[in-house]
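Hi,

Here is the model I promised to pass on.

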Amino acid sequence: MCGITGYIGYRKAYPIVINGLKRLEYRGYDSAGIMMYDGKNIHLSKTKGKVVDLEKIIEKTPLKKEGNIGIGHTRWATHGVPNDVNSHPHVSQSGNLIIVHNGIIENYDTLKKELIKRGYTFKSDTDTEVLINLIEEVKKQENCKLGKAVQLALTNVIGAYAIAVFDKTKPNEIIVARLGSPIAIGVGKENSEFFIASDASPFVEYTKNVIYLDDEELAIIKLGKGISVRKITDDRLVDTNIEELKMSLDQIEKGGYDHFMLKEIHEQPKAIIDTYRGRMLADEGIIKMAGVDDNIEKFLNANRIIIVACGTSWHAGLVAEYLFEDLARIPVEVEYASEFRYRNPIISEKDIVIAISQSGETADTLAAIKLAKSRGAFVFGVCNVVGSSIARETDAGAYTHAGPEIGVASTKAFTTQITVLSLIALKLGKENGSLSKSAFHSYLQTMQLIPSKIEKLLQLDTKIKEIAAVYKDSRNCLYLGRGFNFPVALEGALKLKEISYVHAEGYPAAEMKHGPIALIDHNMPIYVIATKKGHYEKVVSNIQEIKARSGKIIAIVTEGDTLVKQIADHVIEIPETEEAFTPLLTTIPLQLLSYYIALMLGKNVDQPRNLAKAVTVE
Ligand code: F6R
């Protein structure tokens, strides 16, 4: 995890680096640091805490803001507790080389012992300090330039990295390299300036020209000269492919909302439209998706679909299991990527693996993809971040067009993933004859109405705040759902735990009586999804069972429901739709409830403790 950023050019580097770090804080926020080079000296500032804490320290020493070169880091601790010393940047023993690093050097201990034998001493507990000293040692031994030293040092490293390295004795260049962790390089006009960052958001207002490094690539960035990229392993020069950055500044700002999470919840109608725009032609009765169209035979002849993902994306995968089986009659298995990759799974060439990931950088999902590919499966990606590692690693795919998701708790990524997966399921259902032409048409018409129905749900804000105020102090709660809405129960519980630190569990409603029912008393709020077509009567029986044990019921029902209203303590109505699409609606009030509960508890909604947005470590 961690975010790295850097600048070399003619502008003042400080605001670019510090604002860049703020935009990358979703990647980790337990400590932060920067190095500024003022033309003569380097100035290092680092601290435990967030980027604002770093800023406060720097404000007191204006010298540290001078210069046109800087690198910065926001950390999610792996090796060594979050403290000032373990914070990046790290400096080599001679004081000349400075590094920021995102990733893990797995063999750091062996390398460290070797360097200690050669007289190196270490201040921090980090693997990164080992790497910068290894680079220094190689540079000394080989008497070579920095780029070569970094390259040679990296061939001795096991693990993952995105790094930026600066040498104060050669201050017109920065070396950047990646393996397993992302890195983007923004290119200014006529090589007059360069931006370095874990994603392109820190430089979106300065340049639209971006180079994404691939794994095992090293870039030498030279002011006024340009960028040369080489393969770390065989020293081969690589053609640099400058892409046009599509991201805009307003997409990564809060736009008047108090938090990114709230903004992103409210963006869902638009995000869903953006996701199906150009793909779903409801009036013509067509779904066009290049990644599926180009591989339609593979999809139609597949024995089964295996979905791999983590967290919220895994929940979207569970919804997809219901969608694919119900609409296209294709057997599906949904796997935690972290279990799948270590389980020696049985995969054949007739299996299709769908990997779902918002960030496209999740280490376990990436490893699961590599495993599936090595066993001959065709791997299809559903990612949000364009150009991400997973998007590059998969054989084909479909982007969700949610726009940047910055709040750590995933919201619009979930509903847009379900949208993409619904389109694929519908398309395959039509192609393989599981869905009649008229049923297919009717689904498309219904899907088109989802965004306006979400708009309607978003107006329930006041009611949801009232419910949140009643239950904010409960330390435990249950989420129940069946069928398509069982994964929504899991997702509702995850949203609450991760941002409010309240213990919440999601269960299939009928499983309640096999254990969790013992937890129920008058203190326990239970969020139950009881939509009209989803085994409604059965869920109503479950609600009665809860009521008989004095549990507090917050029910999500279909508009016009009268029965549950008589039993439940609170009801939230969702507009009627096809059962298959209800997760796109039932999830909205649960997102809002979590948001308001966390807010009322005074939690940091966008940056919950211990978490990071992109989990690039195992
Ligand atoms: C929860 C959340 C995480 C992610 C998970 C996978 O709100 O955001 O559970 O869903 O870390 O991340 P991606 O989708 O980026 O692979």
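Before the strands, a word on pairing: two strands pair if DSSP finds at least two bridges between them. Helices (H or I, at least four residues) and strands (E, at least two) are DSSP runs, numbered from the N terminus. This is a predicted model, in which local features need pLDDT of at least 70 and side-chain atom pairs count only at pLDDT 80 or more, while totals for chains, interfaces and linings use all residues. Residues are numbered from 1 along each chain as its sequence is written, and side-chain values use heavy atoms, with hydrogens and water left out.

I'll start with the hairpins. Strand S12 (residues 217-222) pairs with strand S13 (residues 226-231) in the antiparallel sense, over 6 bridges. Leu 218 stands opposite Arg 230 in S13, and Lys 222 has Gly 226 of S13 as its bridge partner. The hairpin has 3 residues between the strands, and there Gly 224 takes a positive phi near 80°.

S13 is also joined to strand S14 (residues 237-238), by 2 bridges and again antiparallel. Arg 230 turns up here too, with Leu 237 as its bridge partner in S14. This hairpin has 5 residues between the strands, and Asp 235 takes a positive phi near 65°.

S12 has another antiparallel neighbour: strand S8 (residues 173-179) pairs with it over 6 bridges.

Next, the open sheet. Its 8 strands come in the order S3-S2-S4-S1-S10-S9-S11-S15, with antiparallel pairing. The edges are strand S3 (42-48) and strand S15 (243-244), each of which pairs on one side only.

Helix H1 (residues 13-24) lies across S1, strand S2 (31-37), S4 and strand S10 (194-197), at about 160° to S1. Helix H2 (residues 51-59) lies across S2, S3 and S4, at about 135° to S3. Axes here are lines fitted to C-alpha atoms, for helices over the stretch in contact (heavy atoms within 4.5 Å), and angles run from 0 to 180 degrees between N-to-C directions.

Asn 133 sits in helix H4 (residues 127-142) and counts as buried, at 1% relative accessibility. Leaving out residues up to four places away in sequence, Asn 133 touches Ser 92, Gln 93, Leu 115, Tyr 120, Thr 121 and Phe 122.

Finally, the ligand. Of the 15 residues around it, Ser 313, Ser 357, Ser 359, Thr 362 and Glu 498 come nearest (near means a heavy atom within 4 Å). A polar side-chain atom of Ser 357 lies 2.6 Å from a ligand oxygen atom. A polar backbone atom of Gln 358 is 2.7 Å from an oxygen atom of the ligand, and an N or O atom in the side chain of Lys 495 is 3.0 Å from one. The protein covers 91% of the 400 Å² of accessible area that the ligand has on its own (Shrake-Rupley method, 1.4 Å probe).

Cheers

Key:
A polar contact is a pair of N or O atoms within 3.5 Å; within protein, one must be able to donate a hydrogen and the other to accept it, and residues adjacent in sequence count only if both atoms are side-chain atoms. Buried means under 20% relative accessible area, exposed over 50%, partly exposed in between (1.4 Å probe, protein chains only).
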